[in-house]
Amino acid sequence: MNLALWIAAGLLAAVALAGGITKTFVPKEKLAGATGGGWTADASVGFVKTLGVLELLAAVGLILPAVLDIAPVLVPVTAICWVLLMVGAIITHLRHGEAKFIVLNLAYLALAAVVAWGRLGPEPFTG
């Protein structure tokens, strides 16, 4: 179970890192033209960059606290925040009729929920 939770957190961190780098450093106009990025045309540059920074923080929060054993409770807290972020992503993609991205966001949401449940319940980092 512990290994599965580490793998799930690692996958989510990789997704968060990739999305965070893209939203933070790629110009909004280029994002709007990319597959699944149409929603950025309706959003401000500041909003898109803020989401990018939040995703970068999520990538760090899903892994680093446990690796360094400094406030490892931040891992499930970050996973819960990721669930909330995915709810927002699902709503946004629903509004733009991007069904395949809704399915992807649901998968990320489920993975984050498993990490949160696992780290708060059966496999906490405290021994």
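## Charges

Lys and Arg count as positive here, Asp and Glu as negative, while His and the chain ends are not counted. Each charge is placed at NZ of Lys, CZ of Arg, CG of Asp or CD of Glu. On that basis the chain has 7 positive and 6 negative charges, and their mean positions lie 7 Å apart.

## Model and conventions

The model is predicted: local features need pLDDT of at least 70, side-chain atom pairs count only at pLDDT 80 or more, and totals for chains, interfaces and linings use all residues. Residues are numbered from 1 along each chain as its sequence is written, and side-chain values use heavy atoms, with hydrogens and water left out.

## Overall fold

The chain holds five helices and zero strands. Helices (H or I, at least four residues) and strands (E, at least two) are DSSP runs, numbered from the N terminus. The order of elements is α-α-α-α-α. The radius of gyration of the chain is 15 Å, close to the 14 Å from the globule rule for 127 residues, so the chain is as compact as a globular protein of that length. That radius is taken over C-alpha atoms, and the rule is 2.2 Å times the number of residues to the power 0.38. The C-alpha trace spans about 50 × 25 × 15 Å along its principal axes.

Buried residues make up 38% of the 127. Buried means under 20% relative accessible area, exposed over 50%, and partly exposed in between (1.4 Å probe, protein chains only). The chain exposes about 6,900 Å², with carbon and sulfur atoms supplying 74% of it. Areas come from the Shrake-Rupley method with a 1.4 Å probe; for residues, only the protein chains shown count as cover. A contact means heavy atoms within 4.5 Å. Of the contacts between residues at least 6 apart in sequence, 65% join residues at least 24 apart.

## Helix α1

Helix α1 covers residues 2–25. Its 24 residues should span 34 Å at 1.5 Å a residue, and its end C-alpha atoms are 34 Å apart, which agrees. The expected span is 1.5 Å times one less than the number of residues.

Its buried residues include Leu 5, Ala 8, Ala 9, Leu 12, Ala 13 and Ala 16. Gly 19, Gly 20, Lys 23 and Thr 24 are buried too. An α-helix has 3.6 residues a turn, so residues three or four places apart point the same way. The buried residues of α1 pack against α2 (28–33), α3 (45–68), α4 (74–95) and α5 (99–120). Leu 3 also sits in α1, but is exposed, at 61% relative accessible area.

## Loop between α2 and α3

Thr 40 lies in this loop. Thr 40 is buried, with a relative accessible area of 2%. Not counting residues up to four places away in sequence, Thr 40 touches Lys 28, Leu 31, Ala 32 and Val 48.

Thr 35 is in the loop between α2 and α3 as well, yet is exposed at 65%. With the sequence neighbours up to four places away left out, Thr 35 touches Lys 100 and Phe 101. Thr 35 and Phe 101 are 66 residues apart in sequence and 9.7 Å apart, C-alpha to C-alpha.

## Loop between α3 and α4

Most residues other than glycine have a negative phi. Asp 69, in the loop between α3 and α4, has a positive phi of about 55 degrees. Asp 69 is exposed, at 57% relative accessible area. Ala 71, in the loop between α3 and α4, also has a positive phi of about 55 degrees. Ala 71 is partly exposed, at 38%.
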